[in-house]
Amino acid sequence: PVGSVLKHMEKDRYDLVFTMAVLEHIHPDSEWIFNHIARITKSYLITLEAETDEHWRIFPRNYRDIFEGLGFKQVEQSTGESIKLPKYTLRIFKKK
């Protein structure tokens, strides 16, 4: 499983981590994965996720709150409207 792989990756391994329509499917019982994503990210994290969509396979959450709580600062935010994904939020974070 992905969680097993993340746990063993070294700290600050990747200059940039990008997610698109992946984190929204993480069950609340598995939110520990966000800690590992933050740990392996050296500089930038970009998320493009459906943060407010209601669907049985989607767990809405605010990624700004999550990743700023894990040592990142959001440097940009926009909707996915310009790329025809109006239900999505694009966020760019820089590790502090």
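Residues are numbered from 1 along each chain as its sequence is written, and side-chain values use heavy atoms, with hydrogens and water left out. Because the model is predicted, local features need pLDDT of at least 70 and side-chain atom pairs count only at pLDDT 80 or more, while totals for chains, interfaces and linings use all residues.

**Exercise 1. Fold and overall dimensions**

Task: State how many helices and strands the protein chain has, give their order, and compare the radius of gyration with the globule rule.

Solution: 
- Step 1. Helices (H or I, at least four residues) and strands (E, at least two) are taken as DSSP runs, numbered from the N terminus. The protein chain has three helices and four strands.
- Step 2. Read from the N terminus, the order is α-β-α-β-α-β-β. The radius of gyration is 13 Å, close to the 12 Å from the globule rule for 96 residues, so the chain is as compact as a globular protein of that length. Here the radius is taken over C-alpha atoms, and the rule is 2.2 Å times the number of residues to the power 0.38.
- Step 3. The C-alpha trace spans about 35 × 30 × 20 Å along its principal axes.

**Exercise 2. Surface, burial and charge**

Task: Find what percentage of the residues count as buried, and describe the surface and the charged side chains.

Solution: 
- Step 1. Buried means under 20% relative accessible area, exposed over 50%, and partly exposed in between (1.4 Å probe, protein chains only). By this cut-off, 36% of the 96 residues are buried.
- Step 2. The accessible surface comes to about 6100 Å², and carbon and sulfur atoms hold 55% of it. These areas come from the Shrake-Rupley method with a 1.4 Å probe; for residues, only the protein chains shown count as cover.
- Step 3. There are 15 positive and 14 negative side chains, with the centres of the two sets 6 Å apart. Lys and Arg count as positive, Asp and Glu as negative; His and the chain ends are not counted. Each charge is placed at NZ of Lys, CZ of Arg, CG of Asp or CD of Glu.

**Exercise 3. The largest nonpolar core**

Task: Identify the residues that touch the most other members of the largest nonpolar core, and the element that gives the largest share.

Solution: 
- Step 1. A nonpolar core is a set of buried Ala, Val, Leu, Ile, Met, Phe, Trp, Tyr and Cys residues joined through side-chain atoms within 4.5 Å.
- Step 2. The largest core has 14 residues, and Leu23, Phe34, Ile37, Leu45, Phe67 and Phe72 touch the most other members. Two or more residues each come from α2 (32-40) and α3 (63-68), and α2 gives the largest share, five residues.
- Step 3. Contact means heavy atoms within 4.5 Å. Beyond four places in sequence, the contacts of Phe34 include Leu23, Ile66, Phe67 and Arg61.

**Exercise 4. Arg61 and Glu51**

Task: Decide whether Arg61 is buried or exposed, do likewise for Glu51, and list some of their contacts.

Solution: 
- Step 1. Arg61 is in the loop between β2 (41-49) and α3, and Glu51 is found in the loop between β2 and α3.
- Step 2. Arg61 counts as buried because its relative accessibility is 9%. Glu51 is buried, with a relative accessible area of 8%.
- Step 3. Among the contacts of Arg61 beyond four places in sequence are Glu24, Glu31 and Glu51. The C-alpha atoms of Arg61 and Glu24 lie 7.6 Å apart, although 37 residues separate them in sequence. Glu51, in turn, has contacts including Arg61, Lys87 and Arg91.
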